[in-house]
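Student: Could we go through this model together, slowly please?
Tutor: Gladly; here it is, and we can begin with a term that will come up later.

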Amino acid sequence: MSSLEAHYSARDIEARILAAVRAAGLNPEQRVSPEALAALDHFHTGGLRASRDLLELAQISGDDRVLDIGAGLAGPARLLASVLGCRVDCLEMSPDYCVGAALLNRLTGLDDRIEVHRGSALDLPFADDSFEVVWMQNVGMNIADKRKLYDEIYRVLKPGGRYAFQEMAAGKVATSYFPLPWATDPADNFLVSAEEMRSVLGESGFVTELLEDTSAVHLSRTTANAAAPAPGQLGLAVFVDNLAEKAGNARRSLEEGQVRLVRGVFRVQ
């Protein structure tokens with residue numbers, strides 16, 4: 001197992017999720033609403049609120065086919081499927097997260113609209129021109145070959161398709177606080193600046209519709225899901241080890257300008 005695979009591993013994830021769902025007063029034998037799971041399954045900076053903001057910016061319709069790369073437990077995919085009714089394919093490298101995502105899709109009754117695939121973002125298992133939208137939140141930080149990543153995203157998008165993302169970008173000084181939510185140590189931390197993102201996306205053929213730094217907005221908001229949930233409450237700590245330390249390091253990195261939080265929408269010509 002690589003260090004990155006170990007970072008995103010969660011042993012006995014089904015049992016952990018089911019125990020947490022029951023402790024929160026939810027019945028896994030009955031359909032659970034995606035909203036009730038939001039504190040658990042939106043594993044990225046800003047949580048559900050950030051997903052809703054990106055959904056609005058991406059202008060996704062119910063007829064769109066969406067690919068969520070690095071989908072985690074597929075919380076955003078269930079948001080898209082439940083709110084818009086669109087079909088979503090999830091790609092996730094962690095076998096544990098794939099198991100957790102499939103479980104939560106069943107609990108919410110959305111497994112007919114969402115399909116979970118295990119695989120690599122650098123070798124997408126889909127045909128050319130398959131999707132209207134590619135969605136990605138806090139994933140590129142783990143991928144060194146940005147050009148290959150963006151080329152693959154461009155390949156699977158239809159003409160006029162959109163790539164909507166939220167990402168941590170490099171700040172003015174090197175990242176020094178570890179572990180982080182996306183990396184236990186520096187070997188798996190591949191940040192580039194927002195301008196380098198824009199440049200490499202342009203080299204892959206994308207046209208910029210939006211690229212903005214949302215660091216200050218995020219820091220002004222109360223940090224959600226940064227600590228272990230109180231008894232009877234769902235939270236990321238159900239499946240993320242050392243969450244408080246990781247989240248604290250991420251916030252400190254953001255406050256000191258070591259990292260920046262950006263989001264964007266880019267379009268295929």
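Tutor: A crossing of two helices is called left-handed if the near helix is turned anticlockwise from the far one by less than a right angle, and right-handed if clockwise. Helices (H or I, at least four residues) and strands (E, at least two) are DSSP runs, numbered from the N terminus. This is a predicted model, in which local features need pLDDT of at least 70 and side-chain atom pairs count only at pLDDT 80 or more, while totals for chains, interfaces and linings use all residues. Residues are numbered from 1 along each chain as its sequence is written, and side-chain values use heavy atoms, with hydrogens and water left out.

Student: OK, how many helices and strands does the chain have?
Tutor: The chain has 10 helices and 7 strands.

Student: And what is the order of the strands in the sheet?
Tutor: The sheet is open, its 7 strands run in the order β3-β2-β1-β4-β5-β7-β6, and the pairing is mixed. Two strands pair if DSSP finds at least two bridges between them. At the edges are β3 (114-118) and β6 (206-213), each of which pairs on one side only. Neighbouring strands are turned by 15° against each other on average, direction ignored.

Student: In which sense do β4 and β5 pair, parallel or antiparallel?
Tutor: β4 (residues 131-137) and β5 (residues 157-170) pair in the parallel sense, over 6 bridges. Within that pairing, Val134 has Tyr163 of β5 as its bridge partner.

Student: Which helix packs on the sheet?
Tutor: Helix α6 (residues 95-107) does, touching β2 (87-92) and β3, and its direction makes about 170° with that of β3. Contact means heavy atoms within 4.5 Å, and angles run from 0 to 180 degrees between N-to-C directions, with axes being lines fitted to C-alpha atoms, for helices over the stretch in contact.

Student: Which residues make the contact?
Tutor: Lys146, Arg147 and Tyr150 of α7 meet Met197, Val200, Leu201 and Glu203 of α8. By class, this contact of α7 with α8 has 4 nonpolar, no polar and 3 charged residues; here Ala, Val, Leu, Ile, Met, Phe, Trp, Tyr, Cys and Pro count as nonpolar, Asp, Glu, Lys and Arg as charged, and the others, Gly among them, as polar.

Student: What about α2 and α6, how do they pack?
Tutor: α2 (residues 13-23) and α6 pack at an angle of about 40°, with their axes 9 Å apart, and that makes α2 oblique to α6. Their crossing is right-handed.

Student: New topic: which peptide bond is cis?
Tutor: The bond from Phe178 to Pro179 is cis, with omega near 5°, and Pro179 is found in the loop between β5 and α8.

Student: And where does Gln59 lie?
Tutor: Gln59 lies in the loop between α4 (47-58) and β1 (65-69), and it has a positive phi of about 55° although it is not a glycine.

Student: Last one: how far does the C-alpha trace span along its principal axes?
Tutor: The C-alpha trace of the chain spans about 50 × 40 × 35 Å along those axes.

Methods:
Angles under 35 degrees count as roughly parallel, over 145 as roughly antiparallel, 65 to 115 as roughly perpendicular and the rest as oblique.
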